[in-house]
Amino acid sequence: MSEVKRPNPLFRNLTAKLAASPMIFIVLVVFIGSTIWTVASSFTGIKTLPIFTPQEFYDNWVGWDQYVRLWNTPRWITSITNLAIYGVLYSGFAFIIGFLLAVLMDQKIRAEGVFRTIYLYPFALSFIVTGKVWAWILNPAFGLEKTVRDLGWASFSFDWLTNRDMSIYTVVIAGLWQGSGLVMALMLAGLRSIDDEIWHAARVDGIPKWRTYLQIVVPMMRPVMITIFVIVASGSVRVYDLVLALTQGGPGNSSQVPSMYIYEKLFVGALAQGTAASSVLLLATAIILVPWIIVEFGKKSRS
Amino acid sequence: MTAMSSASTVTPNGAKPKPMFAPGRVLIYTLLIVTSIYYLIPLYVMVITSLKDLDQIREGNIFIPTMKPTFDAWIKAWSAACTGLNCTGLAPGFWNSVFITIPSVIVSIAVASISGYTLANWPFKFAEWCFTILLVGSFIPYQVFLYPLVIITREMGIYSTLYAVIFVHTVFGLPILTLLFRNYFASLPEELFKAARVDGAGYWRIFFNVLMPMSLPIFSVAVILQVTGIWNDFLFGVIYAGPTNYPMTVQLNNIVNSLQGVKEYNVEMAATILTGLVPLTIYFLSGKYFVRGIAAGAVKG
Amino acid sequence: MKLTKLAFALCASVALPIMAQATELEVTHWWTSGGEAAAVAEFAKAFDATGNKWVDGAIAGSGDVARPIIISRILGGNPMGATQLNPGKDADDLIAAGLMQDLTELATAEDWATILRPKSQMDSCTLDGKVYCVPVNLHSGQWMWTNRKVYEDAGIAPPQNWAEMIAAAPALKEKGIIPLSLAEGWPIGLLTEDLIVAIAGVDNYVAVYQDRNMEMARGAEFAAVFKAIDEARQIIDPKTVVPQWNDAVALVIQGKAAANVMGDWAGGEFAVAGMVAGTDYDCLPGLGVEPVLGTGGDVFYFPKSEDPEVTKAQLAMASMMVTKEVQVAFNLKKGSLPMRADVDLSAANDCMKKGLEILDNGTKVFPNNSQMLDRDSLNQINDVMKEFFSDLTITPEAAQEQFAAIIEAAPK
């Protein structure tokens with residue numbers, strides 16, 4: 001027994017593998033399991049009750065019907081379009097506002113804690129009600145428009161909430177209110193971690209402050225940007241109660257988003273239609289993300 | 001207040017705040033104050049609405065405060081608002097929410113931090129594939145998982161118990177938290193890890209004795225994210241926790257979503273602010289770590 | 001109490017042996033507002049009097065929030081004792097899977113088929129000849145509500161039907177009054193169906209929704225309906241569309257709007273505001289065109305339990321809900337019509353009495369939409385109508401064709 005045997009590679013770092021087992025269990029059982037269930041259900045005609053046995057899937061199989069219906073539904077097309085608009089505008093502005101606020105906060109200001117809390121608090125409040133408050137403010141009949149008109153500017157008009165061409169932008173406004181503070185906090189933290197030496201060096205070289213930010217600091221913040229990107233992007237794909245509380249998807253269907261369609265169909269007796277819509281989202285996400293994840297995260301891990 | 005003052009001491013890294021009235025400073029403060037107004041308007045409307053009575057809400061403008069404020073709505077929201085037959089306000093659900101939130105936050109952060117640590121420092125191919133799937137999973141709408149998770153928790157024998165809701169929160173917290181922790185641990189100097197290995201420290205000793213003491217900040221980031229999400233959750237609590245463990249948000253939902261009868265907007269606003277107080281307190285208390293946490297971590301990745 | 005006890009004794013003697021101890025039954029429902037809760041309290045009181053215990057599990061937000069919760073609880077193997085659920089096709093899957101308690105024996109013993117009316121409501125609780133739910137009340141959605149004072153102030157006689165309301169619209173608009181208030185979402189679907197009933201007639205409505213008569217759906221009668229909806233959308237300023245139905249009713253109560261189309265549950269809002277039917281406001285069944293009554297209503301289902309004690313208590317609850325005394329007490333608080341014809345409802349207000357009268361005539365009573373079409377198809381129709389209302393570039397013809405296509409594709 002004096003010679004240590006070369007261990008089976010499967011058991012190398014066994015503790016690490018055991019410690020990661022809860023994650024692996026959750027991924028295999030919940031994420032992969034649910035995904036398989038979702039995709040399989042989307043090829044059936046199930047209505048209210050979910051099914052789980054192969055026999056039941058066989059009995060209810062309808063092929064591509066749900067997808068044919070999905071892509072022939074104008075509301076779904078509107079939802080996808082809105083997701084694209086919302087996703088791009090929300091992510092873009094959240095990054096810009098978050099970054100600008102963080103830069104402002106980074107100027108060694110007084111009462112930083114107060115400002116930081118003001119920008120962050122919307123994140124803590126349930127959106128069922130804050131959405132309603134936004135709906136009041138944006139409502140032309142008794143919100144901002146009426147108030148400004150009562151103050152004497154009779155021709156003032158701000159009716160985005162009830163205007164079908166503009167309603168999705170009100171969702172962006174309220175979404176940014178809720179989410180940009182978190183982006184600010186993450187960005188600020190990123191800025192704080194930049195070594196003072198860098199600033200010194202930049203100042204010595206006579207580089208203007210704004211160029212130091214854009215050309216030196218931002219590239220150094222890449223990892224925090226990636227974390228923010230995942231948080232912001234997944235938040236916009238999942239956006240649900242925001243729209244529900246603010247516009248209910250209206251006027252008409254003009255501000256519908258995919259998660260509203262999915263939620264409704266899952267639970268109004270069109271379960272298979274809801275899973276078909278989820279499968280489309282899932283596939284789209286996977287196509288966009290997986291190559292990026294492999295490139296971005298694959299190279300960095302230590303071996 | 002102590003929280004606020006301690007939070008504001010974090011700010012400067014270096015020189016003292018500059019005098020307030022230099023032209024550049026005026027611009028900075030103007031911008032900060034103007035943006036603060038945008039953020040504060042909804043809170044302002046909520047607070048003044050909660051202090052009005054129903055007649056004043058019906059008659060008045062939403063932006064104009066009342067001359068005769070009353071705290072009745074706050075008292076009602078906390079202890080007397082009815083949901084169905086139970087006229088007990090938010091108060092009884094408060095402790096259920098606490099009992100759901102504390103273990104859920106602890107377990108979800110424990111699982112995610114260990115997973116992130118493994119991915120950063122003890123990676124193996126299979127775990128990396130799992131991580132990829134997790135990141136994709138963070139984009140799936142939650143509702144899709146509802147029924148499968150009912151079946152999974154039922155087969156685990158924990159459906160309709162606190163364990164089920166803890167498990168579910170762990171599942172949904174996993175993607176973002178694992179990402180946070182993985183980036184953080186990967187950004188710590190590799191020499192630390194190597195030196196500990198040379199000293200003969202194993203997996204757990206490195207985690208608890210070397211990395212954790214350096215990582216309190218990232219843990220508070222995770223706490224903030226999780227407390228916010230779990231405290232405000234309604235759907236999972238009501239579906240997985242069982243009726244004896246219904247969280248406070250069930251009452252909040254019942255106050256806010258009743259469609260019949262007179263809408264008590266003032267009670268709704270008070271109930272929402274009351275419900276939000278716990279996460280807000282956590283923000284105040286940990287603001288300091290929040291900023292330093294990310295700072296020390298994710299950046300150097 | 002006597003009647004309750006009697007009913008209970010009857011039920012006990014038929015369906016079950018003597019009750020040994022109190023059984024707790026958790027009851028899920030979405031009646032969370034003041035008036036609704038008062039109605040639920042009547043049930044709870046009567047149920048507790050049977051020696052059992054009502055455990056209240058209120059979840060606000062109507063069926064959309066409660067449904068996933070109810071189904072999850074049943075799937076997870078921890079069902080509630082009883083639950084409110086939309087009757088008709090929504091529950092069919094659960095029944096087919098054998099998850100719901102069969103109440104046939106009790107229904108036969110108590111002769112529900114005779115004592116409860118209308119037949120259509122009993123039908124919605126019946127699948128393949130077996131009874132699975134207890135109908136507790138009737139709500140109808142075909143009412144137009146008008147504020148008399150608003151019209152009188154404008155020098156117009158308060159309209160007595162839809163056409164008069166439309167005719168009065170331009171004059172009101174000039175005075176800055178909303179001629180017809182509207183809420184976003186399902187109320188648009190309700191308005192559509194009410195106009196189908198009022199303009200195409202009850203028989204044609206049933207022919208399309210139930211019998212799927214496609215010629216009718218694409219024909220002239222329905223074209224006239226879409227024309228009428230077209231008129232309605234022209235007089236509605238999108239800026240005045242409010243988020244919830246009660247906001248729309250409130251506009252009428254406050255005199256900011258002249259009329260609204262909503263179900264009989266709107267009557268409660270007028271009552272709370274201290275307004276009197278006939279003097280302050282009018283309630284016009286069938287939009288005043290023809291007095292008709294759709295028979296929607298609330299029903300309770302009982303998820304199957306393996307515990308015989310629970311089953312016993314479930315049957316006791318089902319029996320309690322249709323006793324005379326409980327029916328009166330409950331429905332007066334709820335503002336709905338009772339399921340029984342043999343009860344005294346002299347305390348009811350004028351609008352409820354109008355409804356009762358139609359109900360007693362029987363001829364102009366028709367099934368609720370969810371008994372004829374599945375919820376998914378109804379929601380798709382709502383989607384089409386919401387778009388039609390908010391997008392004036394959609395022609396009535398195009399909307400009618402989209403509507404017909406949904407009817408055609410709807411599962412039988």
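Modeller: A residue is called buried if 20 or more other C-beta atoms lie within 10 Å of its own, exposed if 12 or fewer, and partly exposed in between. Keep in mind that this is a predicted model.

Colleague: Is Glu105(C) buried, exposed or partly exposed?

Modeller: Glu105(C) belongs to helix 5 (residues 104-109) of chain C. It has 15 other C-beta atoms within 10 Å. Buried takes 20 or more and exposed takes 12 or fewer. Because its count is 15, Glu105(C) is partly exposed.

Colleague: What distance separates the C-alpha atoms of Glu105(C) and Phe222(C)?

Modeller: Along the chain, Glu105(C) and Phe222(C) are 117 residues apart.

Colleague: Is Val27(C) buried or exposed?

Modeller: Val27(C) sits in strand 1 (residues 24-29) of chain C. Leaving out residues up to four places away in sequence, it touches Trp54(C), Val55(C), Asp56(C), Gly57(C), Met80(C), Gly81(C), Ala82(C) and Thr83(C). Because 23 other C-beta atoms lie within 10 Å, Val27(C) is buried.

Colleague: How far apart are the C-alpha atoms of Val27(C) and Phe302(C)?

Modeller: The two residues are 275 residues apart along the chain. The separation of their C-alpha atoms is 9.2 Å.

Colleague: In what order do the five strands of the open sheet in chain C lie?

Modeller: Strand 1 of chain C pairs with strand 3 of chain C in the parallel sense, over two bridges. Strand 3 of chain C pairs with strand 12 (residues 299-301) of chain C in the antiparallel sense, over three bridges. The pairing in the sheet is mixed, and the order is 2-1-3-12-6.

Colleague: Which strands are at the edges of that sheet?

Modeller: An edge strand pairs on one side only. From one strand to the next, the twist averages 25 degrees. The edges are strand 2 (53-58) and strand 6 (133-135) of chain C.

Colleague: Which residue in strand 12 of chain C is the bridge partner of Thr83(C)?

Modeller: In strand 3 (residues 82-85) of chain C, Ala82(C) and Gln84(C) point one way, Thr83(C) and Leu85(C) point the other way, and all are buried. Thr83(C) stands opposite Thr28(C). In strand 12 of chain C, the bridge partner of Thr83(C) is Tyr301(C).

Colleague: At what angle does helix 16 of chain C run to strand 1 of chain C?

Modeller: Helix 16 (residues 308-321) of chain C lies across strand 1, strand 3, strand 6 and strand 12 of chain C. To strand 1 of chain C, helix 16 of chain C runs at about 55 degrees.

Colleague: Which residues touch the most other members of the largest nonpolar core?

Modeller: In soluble globular proteins, nonpolar side chains tend to be buried together. The largest nonpolar core here has 300 residues, and its largest share, 16 residues, comes from helix 8 (residues 162-187) of chain B. Leaving aside neighbours within four places in sequence, Met321(C) is in contact with Phe43(C), Val134(C), Val136(C), Phe300(C) and Val326(C). The residues that touch the most other members are Trp145(C) and Met321(C).

Colleague: Which helix of chain C gives the most residues to the side of domain 1 that touches domain 2?

Modeller: Chain C is divided into domain 1 (2-138 + 295-359) and domain 2 (143-294 + 365-409). Their C-alpha centres lie 30 Å apart, and 21 residues of domain 1 are in contact with 21 residues of domain 2. Helix 4 (89-96), helix 7 (119-124) and helix 18 (350-361) of chain C each give two or more residues to the domain 1 side. With six residues, the one that gives the most is helix 18 of chain C.

Colleague: How many residues on that side of domain 1 of chain C are polar?

Modeller: The side that touches domain 2 of chain C includes five nonpolar and five charged residues. The number of polar residues is 11.

Colleague: Why is helix 13 of chain B described as largely enclosed by the rest of the structure?

Modeller: Chain B has 14 helices and zero strands, and buried residues make up 53% of its 301 residues. Those in helix 13 of chain B include Met248(B), Leu252(B) and Asn257(B). Helix 13 (residues 248-257) of chain B is largely enclosed because its buried residues number 10 of the 10.

Colleague: How many residues of chain C are in contact with chain A?

Modeller: The chain A side has eight nonpolar, eight polar and five charged residues. These 21 residues of chain A are in contact with residues of chain C numbering 26.

How values were computed. Residues numbered from 1 in each chain as written. Chains lettered and ligands numbered in written order. Predicted model: local features only at pLDDT ≥ 70, side-chain atom pairs only at ≥ 80, totals over all residues. Contact = placed C-beta atoms within 7 Å. Nonpolar A, V, L, I, M, F, W, Y, C, P; charged D, E, K, R; others polar. Core = buried A, V, L, I, M, F, W, Y, C linked by C-beta atoms within 7 Å. Helix = DSSP H or I, 4+ residues; strand = E, 2+ residues; numbered from the N terminus. Domains from an automatic or database assignment. Pairing = 2+ DSSP bridges. Axes fitted to C-alpha atoms, helices over the stretch in contact; angles between N-to-C directions.
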